[in-house]
Amino acid sequence: MSLWILATLAAASFQTLRFMLQKSLATTQLSAAGATYARFFYSAPLVALLLAIYLLITQTPLPALSFQFWLYGAAGGLTQILATVFVVRLFKERNFAVGITFKKTEVIQTVLVGLLILGEGVALWAFMFIFIGLFGVLLLSKTPGGAGIGAGLLSRATMLGLASGVFFAISGVCYRGASLQLDLTEPLLRAAITLGAVTAMQLLAMSLWLRMFESGEITRVWRARGKASLIGLTSMAGSFCWFTAFTLQNAAYVNALGQVELILSLLASVLVFKEKVTTRELVGMAVLGISILGLVLIV
């Protein structure tokens with residue numbers, strides 16, 4: 001089995017655990033921004049330390065980091081922050097499984113973003129599966145007690161979910177772009193250096209933001225360190241696996257395989273959070289899954 005496939009499956013598993021922890025903290029102790037910040041606060045220093053130890057032991061010099069590397073990394077880091085904040089806020093609106101499913105529209109949106117921004121053509125079959133995915137989103141967008149299919153398409157929950165999907169799609173492409181700027185042959189080292197640079201920028205940016213606009217939230221993140229530190233550890237492991245996969249393979253394929261997270265999130269929603277998943281939501285997730293599977297086969 002290819003390394004990028006193993007890395008993607010591991011990344012989806014770690015990410016599900018992280019979102020479970022973030023959902024728990026965001027609904028009890030921290031704001032959405034605080035729950036997002038926890039992943040960088042506890043992971044960035046550890047990533048930097050492990051990378052420094054590896055470079056020192058192996059006597060490997062740090063490669064030149066070009067302007068394009070920092071540009072791609074900063075864009076990916078910013079969009080990932082926004083995407084994570086949106087999806088954590090979404091957990092307060094809908095159940096865990098539905099929140100993750102909305103977030104996973106990033107696969108469909110990656111194709112659309114590529115068409116609009118990069119001018120990359122999409123086959124007729126791809127458009128068919130995109131529209132199937134849209135129908136799945138319409139099913140999921142109907143809020144409990146709402147009028148009908150699509151009635152909640154402009155709801156806060158739907159907008160948060162779709163926004164998180166598009167920002168995750170952009171961040172994945174940017175991370176692949178950053179890692180490819182490094183003049184290295186070893187994919188794991190390229191992933192580690194990219195991860196270290198990005199998490200450092202994210203930690204700095206979010207520290208400034210919380211200091212200016214959410215006074216006291218950094219202190220609350222520290223007080224919640226028992227669970228928040230686990231967010232950092234699962235984030236570091238998941239991000240390293242994502243970065244490795246993006247280094248080795250096209251982001252569209254990586255994001256498509258990452259849809260295994262839908263199954264993991266459904267299990268977490270029912271078994272851990274004891275949330276009720278309606279028949280309509282199951283059908284919506286199934287339809288969206290068919291759309292994603294179709295894109296996997298043709299992208």
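Reader: Which helix is Met-212 in?

Author: Met-212 is in helix α8, residues 187-213; helices are DSSP runs of H or I, at least four residues, numbered from the N terminus. This is a predicted model, where local features need pLDDT of at least 70, side-chain atom pairs count only at pLDDT 80 or more, and totals for chains, interfaces and linings use all residues. Residues are numbered from 1 along each chain as its sequence is written, and side-chain values use heavy atoms, with hydrogens and water left out.

Reader: Is Met-212 buried or exposed?

Author: Exposed, at a relative accessible area of 60%. Buried means under 20%, exposed over 50%, and partly exposed in between (1.4 Å probe, protein chains only).

Reader: Switching to rings. How many aromatic pairs are there?

Author: The structure has 7. Rings of Phe, Tyr and Trp (its six-membered ring) pair if their centres lie within 6.5 Å; planes under 30 degrees apart are stacked, over 60 edge-to-face, the rest tilted. Phe-86 and Phe-167 make a tilted pair, 5.9 Å centre to centre with 35 degrees between the planes. That pair links distant parts of the chain, 81 residues apart: Phe-86 is in helix α3 (residues 67-90) and Phe-167 in helix α7 (residues 156-179).

Reader: And how are Trp-242 and Phe-246 paired?

Author: Stacked, at 6.1 Å and 20 degrees. They are 4 residues apart in helix α10 (residues 225-248), so about one helical turn separates them. Trp-242 is buried at 8%, and Phe-246 is buried at 5%.

Reader: Which residues do ring pairs link into a cluster?

Author: Tyr-37, Phe-41 and Tyr-42.

Notes
Helix = DSSP H or I, 4+ residues; strand = E, 2+ residues; numbered from the N terminus.
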